[in-house]
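Subject: Structure handover and notes

Hello,

Here is the structure for your set-up work.

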Amino acid sequence: MLDVIDLNLVFSDHLVPETVVHHLNLHMDEGDLVGLVGESGSGKSMTALAVAGLLARHDMKKTGQILFRGTDLLTCPRAQLRALQGNEIGIVFQEPQTSLNPVYRVGWQVEESLRIHKPEMDGEARKERALAMLRAVELAEPERIYASYPHQLSGGQRQRVMIAAAMICSPSLLIADEPTTALDVTVQLSIVKLLAKLSREQRTAILFISHDLSLVKRLCGRIVVMKDGRVVEEGSTEQIYAHPRDEYTRRLIASIPEIRRKKQIPEGKEGAQ
């Protein structure tokens with residue numbers, strides 16, 4: 001479904017061009033759950049934006065290929081890319097407070113992809129679909145949420161709204177770029193559990209970007225580790241945890257607080273917030 005082949009991203013407006021992603025290769029099939037991990041500045045978010053088709057900077061040189069069902073997202077016509085964004089490829093950003101527009105009600109924003117990609121749907125049908133998605137992301141009182149403004153919701157509720165908006169067209173690929181950064185630990189785990197549930201139900205592949213290996217372990221079957229724009233290690237989650245080959249990966253695992261490595265929150269305790 002997704003093949004990233006020899007991807008290079010270079011800021012060419014510097015006196016000395018700066019390469020932020022070096023020769024990256026990535027393959028995902030339908031339903032795959034892949035974690036892309038690394039510290040800040042490792043290039044993982046730039047990779048995510050490139051896959052989502054959101055790097056339009058004129059001063060950035062992009063080489064290689066990003067093939068989504070055979071279409072190269074780096075070179076295809078803009079109209080073709082727009083037809084995929086929000087429809088076949090969804091994205092959830094790390095801070096819903098800034099991603100959601102404060103002057104529009106939640107329902108209008110959740111329906112945005114439907115207005116773009118499903119113009120045959122009337123207003124009532126869009127509302128029913130939006131309410132169904134708000135229920136699917138386990139938000140209590142979906143009618144109230146639908147009519148609310150973002151500032152009237154908690155951080156966990158806003159993040160679930162963002163997931164509902166990204167999933168409303170049932171995309172084949174969801175890119176989750178640090179979707180739990182601003183949330184407390186219990187809500188982080190509930191969001192990860194929700195993503196796993198949605199992936200199972202809709203066969204959506206998820207590229208989960210995070211610096212937190214403990215969260216990635218709960219969701220993903222495969223992990224790709226990045227450092228300084230390069231992939232330093234890739235393998236199954238079990239193999240990465242049990243036998244990390246790269247010293248950087250070992251340091252990432254060692255940085256997980258001891259309480260989170262040894263004591264997981266029991267299943268059923270991850271409350272929806």
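Ground rules first. This is a predicted model, where local features need pLDDT of at least 70, side-chain atom pairs count only at pLDDT 80 or more, and totals for chains, interfaces and linings use all residues. Residues are numbered from 1 along each chain as its sequence is written, and side-chain values use heavy atoms, with hydrogens and water left out. Helices (H or I, at least four residues) and strands (E, at least two) are DSSP runs, numbered from the N terminus.

Four strands form an open sheet in the order 2-1-4-5, with antiparallel pairing. Two strands count as paired if DSSP finds at least two bridges between them. Strand 2 and strand 5 (71-72) are the edges: each has a single partner strand, so one side of each has no neighbour in the sheet. Strand 1 (residues 2-11) pairs with strand 2 over seven bridges, in the antiparallel sense. There, F11 has E18 in strand 2 as its bridge partner.

H23 deserves a look. It is found in strand 2 (residues 18-28). H23 and D6 are 17 residues apart in sequence, yet 4.2 Å apart in space, C-alpha to C-alpha. Their side chains make a polar contact at 2.7 Å. A polar contact is a pair of N or O atoms within 3.5 Å; within protein, one must be able to donate a hydrogen and the other to accept it, and residues adjacent in sequence count only if both atoms are side-chain atoms. Not counting residues up to four places away in sequence, H23 touches D6, L7 and N8. Contact here means heavy atoms within 4.5 Å.

Strand 6 and strand 7 pair in the parallel sense over four bridges. I91 has I175 in strand 7 as its bridge partner. In a regular strand the side chains alternate between the two faces of the sheet. In strand 6 (residues 89-92), I89 and I91 point one way and G90 and V92 the other, and all are buried. Buried means under 20% relative accessible area, exposed over 50%, and partly exposed in between (1.4 Å probe, protein chains only).

The loop between strand 7 (173-177) and helix 9 (185-202) holds T180. T180 is buried, at 4% relative accessible area. Leaving aside neighbours within four places in sequence, T180 is in contact with Q188, I191 and L215. E178 is found in that loop between strand 7 and helix 9 too. E178 is buried at 8%, and its phi is near 50 degrees, positive in a residue other than glycine.

E178 also turns up among the contacts of S210, which include L36, V37, G38, K44 and V216 as well, leaving aside neighbours within four places in sequence. S210 lies in strand 8 (residues 205-210). S210 counts as buried, at 3% relative accessibility. Its side chain reaches the backbone nitrogen of D212 at 2.9 Å.

**The hairpin**

Strand 9 (residues 222-227) and strand 10 (residues 230-236) run antiparallel, joined by six bridges. V224 stands opposite E234 in strand 10. The hairpin has two residues between the strands, and D228 takes a positive phi near 55 degrees.

**Helix 12**

Which residues of helix 12 (residues 247-254) are buried? They are Y248, T249, L252 and I253. They cover an arc of only 140 degrees around the axis, which puts them on the same side of helix 12. The arc is that of the directions from the helix axis to the C-beta atoms. At the start of the helix, a side-chain oxygen of D246 comes to within 2.8 Å of the backbone nitrogen of Y248.

**Rings**

K227 lies over the face of Y248, 5.7 Å from the ring centre. The charged end of K217 sits over the ring of Y241, 4.5 Å from its centre. The test for a charge over a ring is NZ of Lys or CZ of Arg within 6 Å of the ring centre and within 35 degrees of the ring normal.

A search of the whole structure finds one aromatic pair. This is Y104 and W108, stacked, at 4.3 Å centre to centre and 15 degrees between the planes. Rings of Phe, Tyr and Trp (its six-membered ring) pair if their centres lie within 6.5 Å; planes under 30 degrees apart count as stacked, over 60 as edge-to-face and the rest as tilted. Y104 is partly exposed at 36%, and W108 is partly exposed at 41%.

Best wishes
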